[in-house]
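Biologist: I would like to learn how to read a model made of chains that touch, taking one feature at a time. Could you give me the general idea in each case, and then show me the case here?

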Amino acid sequence: MNKVQYLLTGGIVTAVITLVGIVFELPASFAFVTSLVGLICLLMLFKEIKAVYSIPGEQLTSSPNFDEAIVESMLIGINETLNEQMAMVAQEIERSKNLLRDAVSGISDSFKELQGLSATQQQLIAQVLENINGLGDDHSKTMEDFVRDSDNTLENFVEVIVSTSKQSLKTMAYTDDMVKQFDGIFNLISQVENLASQTNLLALNAAIEAARAGDAGRGFAVVANEVRSLSVNSTELNNDIREQILGAREIITSLREAVEKMASADMTSTLESKSNVSEMMNQVQEMNQMSTKIVDELANLAPRMSETVSIGVRSLQFEDMIYQTLGSLDFNFKQLSQLSHSLSTFDKNAVNPAAQLQAIVAECSAISQTTKDKNEHRTVSQVSMDEGEVDLF
Amino acid sequence: MALKKFVSDDGKKITISVDERFDFSVHQSFRDAYIDADTIGSEFILDLSKTTYMDSSALGMILLLKDHVEKSSSSLKISKPNDTVNKVLEIAQFHRLMTIER
């Protein structure tokens, strides 16, 4: 194998590596390096050919048609390979761009939505807590107020019960006094009864004495009889009074029962209610403390969340970098395309093939120079995402 | 007898001791225990150490006793109520009105 064949093989291998790099999405710098190596191979190849052609004398003249045919077939081969790979590279670059654009816009949108949702969530939670604590409206009752009211109501209730009991017991004492009075009346009635029976006895004696007096006592007998019937009447009256008082005593017994019921309220249920209210009060206070804690935590969480989202959005600038890298790749690709075009202009039937080859080589070196210049002005020199300014979105 | 009464020798310290149930059934004897003691500056002690149940009429009775005690410028002290009884007294805010000695 001669030097031309080596260089040719080198060029093809480099082109294949470039293609592999693009297919496996290796960094753009890799593609650039491989395409540069390829270019250098080509340039050296042309130099070699030029050297062969520039030797005047036997070699050129002895078999010019043979060399020209080889050169043309070689150039056509290289050109075909180049075109084939360029088509693939172009396709892959376009595909990467589309994928990147879609993915980035999707991520960006979801980040923005995330931020919006987080803000809404924050508002809703704040609203809920406001409702619980009654911070929003001065007129609305809080849970704590409600429990305190219940406690007050319960205390008032107990007060009413106790004062009712006290008054009932007072009534009871008055009733007992009244019963004593009744007993006194009973006593008096007994005395009156005694008087009546004595009167009765007296009237009886008077009637006996009147009978003994005969006609003279007839009138007195009438009076004695009247006195006797009066005493009987008064005994009946006394019995009526006794019955009435006995009736009153029965009523007092009922009154006692009623007052007893009024005075005796079982406090067990009230005790339970009271302890329930106390427990509720504790729970409400606990709840309030918890709410305050949650509000604080949420307040801390909100800025952290938006910062995280900002970092996410900022990280999306890799799209721009990759775009620039792809742009460079595009440029290198166009250079390759130009090179391919230059190669295709070779005509073996031309008057001076050597001169034609020299022209192609000159074009190649011009292309090479342009690529070098462009690389020096390359904008994307960043390696890490953390560096650089954030003013892309 | 659900109620006991002890009077000191000088008649100035009256201890009324109530049994298990302090309710309406004892109101008569309770009243009788204090109604005649009207020496100025006496010391009334209501011993509830044996009491396990107390209803609202007991509270009413204690209030009436307090009224009576105040009439003779005497003092009233509730002695050794158990937990339940003490809770009832607390609910009725009695600890604001009189001394409760646990």
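Biologist: How many residue pairs are in polar contact across the interface of chain B and chain A?

Modeller: Please keep in mind that this is a predicted model. Across the interface of chain B and chain A there are eight residue pairs in polar contact, counting pairs in which both residues have pLDDT 80 or more. Helix 1 (27-35), strand 5 (53-54), helix 2 (56-71) and helix 3 (83-91) of chain B each supply at least two residues of the side that touches chain A. Helix 2 of chain B gives the most to that side, with eight residues. By class, the side of chain B that touches chain A holds 11 nonpolar, seven polar and four charged residues.

Biologist: How many salt bridges are there between chain B and chain A, and which side chains meet?

Modeller: The count between chain B and chain A is one salt bridge, and in a salt bridge at 2.8 Å, N to O, the side chains of Asp67(B) and Lys166(A) meet.

Biologist: How is the size of an interface given, and what area is buried between chain B and chain A?

Modeller: The size of an interface is often given as the accessible area that is lost when the parts come together. Here about 1,900 Å² is buried between chain B and chain A, with carbon and sulfur atoms giving 70% of that area. Within chain B, the residues that lose the most area to chain A are Phe24(B), Ser56(B) and Ile91(B), which together make up 35% of what that side buries. As for the residues that take part, the contact draws 22 from chain B and 24 from chain A.

Biologist: What shows where empty space is left, and how many cavities of 30 Å³ or more are counted here?

Modeller: The general idea is to roll a probe the size of a water molecule over the atoms, which shows where empty space is left. In this model the count comes to three cavities of 30 Å³ or more, and the largest cavity holds about 340 Å³ of space. Its lining is made of 28 residues, and those nearest the centre of the largest cavity are Ala15(A), Thr18(A), Leu82(A), Gln85(A) and Leu336(A). Helix 1 of chain A provides the largest share of this lining, nine residues, and the lining as a whole divides into 19 nonpolar, nine polar and no charged residues.

Note on methods
Residues numbered from 1 in each chain as written. Chains lettered and ligands numbered in written order. Heavy atoms only, no water. Contact = heavy atoms within 4.5 Å. Buried area = accessible area lost by both parts, 1.4 Å probe. Salt bridge = Lys/Arg side-chain N within 4 Å of Asp/Glu carboxyl O. Polar contact = N/O pair within 3.5 Å; in protein donor to acceptor, adjacent residues only side chain to side chain. Helix = DSSP H or I, 4+ residues; strand = E, 2+ residues; numbered from the N terminus. Nonpolar A, V, L, I, M, F, W, Y, C, P; charged D, E, K, R; others polar. 1 Å grid on protein atoms, 1.4 Å probe; cavity = no way out; pocket = protein on both sides within 12 Å on 5 of 7 lines; lining within 4 Å. Points joined across faces, edges and corners; volume = space filled by probe spheres on them.
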